[in-house]
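Subject: Structure handover

Hello,

Here is the structure we talked about. Please open it alongside this email. My notes follow below.

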Protein chains: 2
Amino acid sequence: MALSRWEELVQEKRERQRSSIPPEWIIPSVTRGLTNVLEVPSTCGLLSDKELEITGTSDASTILDKLATGQWSSVEVTTAFAKRAIIAHQLTNCLTEIFIDKALDRARELDEYLKQHGKVIGPLHGLPVSLKDQFWIKGLEATMGYVDWIGKYATEDAAVVKGLLEQGAVLYVKTNVPQTLMWGETHNNIFGRTLNPFNTSTTPGGSSGGEGALLAMHGSVLGVGTDVGGSIRNPSHFNGIFGMKPTSHRIPTYGLANSLDGQESIATIAGPMSTSLSGIKVFMKSILDTKPWLKDPNTIGKPWDENAYQLSDHGEGKQLCFGVIWDDGIFKPHPPVIRALQTIKQALEKAGHKVIDWVPYKHSELCANARSIFLSDGGADYQAALTSGEPMINSMKIDADPSDIPLFRRPREPLSAYQLWQLHKERRELRKEYFDRWQSTASITGTGRPVDAILAPVSPYAAVPHGEKRGAVYTIIWNTLDCPALVIPVTTVDADRDVKQPPHEFRSPDDKAIYELYEPSTFDGLPVGVQLVGYRHEEEATIGMGEIVVKALSDI
Amino acid sequence: MALSRWEELVQEKRERQRSSIPPEWIIPSVTRGLTNVLEVPSTCGLLSDKELEITGTSDASTILDKLATGQWSSVEVTTAFAKRAIIAHQLTNCLTEIFIDKALDRARELDEYLKQHGKVIGPLHGLPVSLKDQFWIKGLEATMGYVDWIGKYATEDAAVVKGLLEQGAVLYVKTNVPQTLMWGETHNNIFGRTLNPFNTSTTPGGSSGGEGALLAMHGSVLGVGTDVGGSIRNPSHFNGIFGMKPTSHRIPTYGLANSLDGQESIATIAGPMSTSLSGIKVFMKSILDTKPWLKDPNTIGKPWDENAYQLSDHGEGKQLCFGVIWDDGIFKPHPPVIRALQTIKQALEKAGHKVIDWVPYKHSELCANARSIFLSDGGADYQAALTSGEPMINSMKIDADPSDIPLFRRPREPLSAYQLWQLHKERRELRKEYFDRWQSTASITGTGRPVDAILAPVSPYAAVPHGEKRGAVYTIIWNTLDCPALVIPVTTVDADRDVKQPPHEFRSPDDKAIYELYEPSTFDGLPVGVQLVGYRHEEEATIGMGEIVVKALSDI
């Protein structure tokens, strides 16, 4: 049967992608039957011992130190991560644009610079950094999985790309996203579906799902994602990595292909995803040090604040008080998610900090407000990008019934600008009430301060089978409230310990479905992260407190 | 003829206002025939010599010093300004809520505190501060001139009010605004029309026109206005005072009655208006020092930056380079406005700074974008506040023809949320292009930096006769671009020097009308200010550079 025009375009684009992969980096197809593919890079024979040493280093700052001192060259490090990224791609389908030659040219220049000048060009000198497909890189496409956008080449680097390059980063791959971006899984008609390397029958999450899978495979130690409802955080959680959603307009977003572009009520933010907290920190500080507000007119002129990072507003971190959200009253978390929170609580208490319960407040309303905003165009934005004839993807299930549209995706009547204004008023009041409650905890923490940060699930579950991801209620509220939220990997599901609980009183069909989804054996071994949520614009303090949490966990 | 219900409500409200004025502060009606009423406070006999000394002091920091050292008590200072405000009100109709007793109670408490503790409670200790009618003060109305809102008493203080009180301010009066706020003049069906004290046949501007008139009369030295298109700046210019529109979300706006409430595309900002630049500075620093982001969920967590104020990013202010907008190509400024800019240029050059021409870029598009946003509800917001039967005010002319609606006020078809998103995309690109141009001036300034700040007209004219104010093109673009803009009073119209120029090629009927409006004799003696525009979030540096401009002007 002849292909339709849009299918031809996809075929041609996929061919171009295939040809961007060095043929000598193709791995034997025998590895393809595995469900947990994490060990393939070590066993497939493609990576040398040194390349395994380099890519086996989770800590971004360790790699940066070795690059800065010339112990590892950027060409070595870039080659190692590029190879491993290509391996990851063959196992999880995590990449979109692949440009290894360009990366190696850049790496050579950086090595030359270091040799000639005896110093780095910036704190990210020589480090390969992966990017979600959305970010413009001059001369490359940013299709975002829309067939309509094939062949549109960026004429300028995104502001964050400019910042990364200024600070010495090497760019080498971009990563996969779901069609429309507004989905917590990763699948589109151009590049297809991305798989979770811990269990390929589950989703890596989304929309920064390609980043999630790539980082879990150690095909990158530092990537950049975006988040408007959980798109950095749920893939971080599903893939056992760190990820940070900053407050809006802290990290520049100019130069992004985007969904619902122009929707500013709840801004799309850009932020780091990393195998280490040091990766999160070095990204945030490096980008802020480039004065991104001079490159992006919507970015706030607020430099990295070292005192804030040292927790000057949080008693120098000596005795912190955390509030824990155990259950938001909408979706009851699965047992391993609760255990992850308990683990952190114990660790923090052992380290001398306080941990109190945080009572959820109007989380349903906060979610509903965001959803109304995201759906306020009645689907016009999606339709404008689907003129090629490619079908809208309405379900992420394998062999999905196209009419099976999840609740959070069902189109609504378009709203007027005036109706949107009313949602802004509602959101302002919700925010005010939430933050007033936060401030009022000063009377119960015993520290003299309000709760320093909030600990919360990222999601009620670990990675779910393809098509089973439901509304992002635990993440989206921090977009409505516009707080920085850092995902910290805590544990993995342990089928023996995380036994199924007796049924609770279900709050909704979705809540029931989530309860029924949990079987310890099917989730066994999947990563579980937790959100650490700071006050608005407290990115530095949130990272500083994140370090305290990580240390406490390692000291258990 | 019997009054309609809305007219009865107005009558009752006006009666309450009248009864809030101490009868002994009523001035003889003989003064009412004057057009320039600035001298009446000195001549009417109501103020003692000391009260004239106090209220004759323009410099806010001088008054604050005398309050802090106990040379002047807060009761003395508050009484003096309250009296003078009441005089101003009788001449210009500038006030809405008047609460002198409450103010004096507060002043007594502050005096007592200083006596007991030997120190001030904050940097605004004892200073009377006036507020535009919008700001909530617990227990008072904030009708904003809408009959519908009579009798709605605030149950909470606005965030900025809380900050002022924490820092020691005394609140005593609120000031008049135009119906709907979206007008550069000041007239509504409850309180009527506010007059310009320099010439009562002209407008004090708007929408913070009550503040403008009050400050010009020295009935206050520090007031708080709001600005979404010029509403702080044009009354500052028309009344010969300082006024600052900060970047959005720097000063808290929670707790405002507002027009187009929920419209966030171009945010309403709150900012200071003052008889001195020291008043602007002390307000900004005092409010930021109270961490307003803990009181208002939309305020940025960005403290006062003393280094930025000391011009650390502007060569410590040693040799600055300013760009001047002489004419935006839309409305040609009147001769005194051009002379004001020439005066500043000469003063700055004499002081060793550089002044280059700034070529306007897409100012029409920046204006059109803002206007489309403001009118995107098709008038729904106004209508929702006009259910009492009070008529919409469509012209500010005296004895106006109700069908004579100025161009900028004509209703448009409502937009959808999706259409609003397209305007956001357009605005983002306009901003990007404008700021890229700004950055690119680094190659021509000779300082190694881009232009440090921009000097521009506030308006093509000084205060115009009632009803003659047209589109706010010189101010509104800085709302679209979201830059801090400080109005500095420079000169007054001089009929002998500011002669009418031969006609230019008119760009529009409005441009022609503006040209024709200028007759030196009718504008003689009216104040002329200039905008000093800084980069986004550079409030501190803009004030620092403002001080350099003021010093240069005083050294001519």
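**Around helix H7 of chain B**

The cover over the buried residues of H7(B) includes S2, S3, S6 and helix H10 (277–289) of chain B. Contact here means heavy atoms within 4.5 Å. Helices (H or I, at least four residues) and strands (E, at least two) are DSSP runs, numbered from the N terminus.

Before more detail, some ground rules. This is a predicted model, in which local features need pLDDT of at least 70 and side-chain atom pairs count only at pLDDT 80 or more, while totals for chains, interfaces and linings use all residues. Residues are numbered from 1 along each chain as its sequence is written, chains are lettered from A and ligands numbered from 1 in the order in which they are written, and side-chain values use heavy atoms, with hydrogens and water left out.

Back to H7(B). Its buried residues include B:Ala159, B:Val160, B:Val161, B:Gly163 and B:Leu164. Buried means under 20% relative accessible area, exposed means over 50%, and partly exposed is in between (1.4 Å probe, protein chains only). Just after H7(B), B:Gly168 has a positive phi of about 100°.

**Strand S2 of chain B**

S2(B) covers residues 128–132, and five of its five residues are buried. B:Pro128, B:Ser130 and B:Lys132 point one way. B:Val129 and B:Leu131 point the other way.

S2(B) pairs with strand S3 (residues 170–175) of chain B, in the parallel sense, over four bridges. Two strands pair if DSSP finds at least two bridges between them. B:Pro128 has B:Val170 as its bridge partner in S3(B). From S2(B) the chain crosses through helix H7 (residues 159–166) to S3(B), and this β-α-β crossover is right-handed. That term applies if, with the strands pointing away from the viewer, the path from the first strand over the helix to the second runs clockwise.

S2(B) also pairs with strand S6 (residues 222–227) of chain B, again in the parallel sense, over two bridges. There, B:Leu131 has B:Val224 as its bridge partner.

**Helix H17 of chain B**

H17(B) spans residues 473–480; eight of its eight residues are buried, so the helix is largely enclosed by the rest of the structure. Among them are B:Tyr474, B:Trp478 and B:Asn479. Just after H17(B), B:Asp482 takes a positive phi of about 60°.

**Two domains in chain A**

Domain 1 of chain A is 1–27 + 36–304, and domain 2 is 313–376 + 415–556. The bounds come from an automatic or database domain assignment. The C-alpha centres of the two domains lie 26 Å apart. In contact are 46 residues of domain 1 and 48 residues of domain 2.

The two domains bury about 3700 Å² between them, with 64% of it on carbon and sulfur atoms. Buried area is the accessible area (1.4 Å probe) that two parts lose on being put together, summed over both. A:Arg233, A:His237 and A:Ile266 supply 19% of the area that domain 1 buries against domain 2, more than any other three residues.

Two salt bridges are counted between these domains. A salt bridge is a side-chain nitrogen of Lys or Arg within 4 Å of a carboxyl oxygen of Asp or Glu. A:Arg250 forms a salt bridge with A:Glu539, with the closest N and O atoms 2.8 Å apart.

**A:Phe238**

A:Phe238 sits in helix H9 (residues 233–239) of chain A. It counts as buried, at 0% relative accessibility. Leaving aside neighbours within four places in sequence, its contacts include A:Phe198, A:Tyr461, A:Val464 and A:Pro527.

**Where the chains meet**

45 residues of chain A are in contact with 45 residues of chain B. The area buried between the chains is about 4000 Å², and carbon and sulfur atoms give 53% of it. A:Pro297, A:Trp421 and A:Lys432 supply 18% of the area that chain A buries against chain B, more than any other three residues. Eight salt bridges are found across this interface. One of them joins B:Arg427 and A:Glu264 (2.6 Å, N to O).

**Backbone points to check**

Most residues other than glycine have a negative phi, and most peptide bonds are trans. Here are some exceptions.

- The peptide bond from A:Gly206 to A:Ser207 is cis, with omega near 5°.
- B:Gly206 and B:Ser207 are joined by a cis peptide bond, with omega about 5°.
- A:Lys291 has a positive phi near 50° and is partly exposed, at 33% relative accessible area.
- B:Asp399 has a positive phi of about 55° and is exposed, at 78% relative accessibility.

Best wishes
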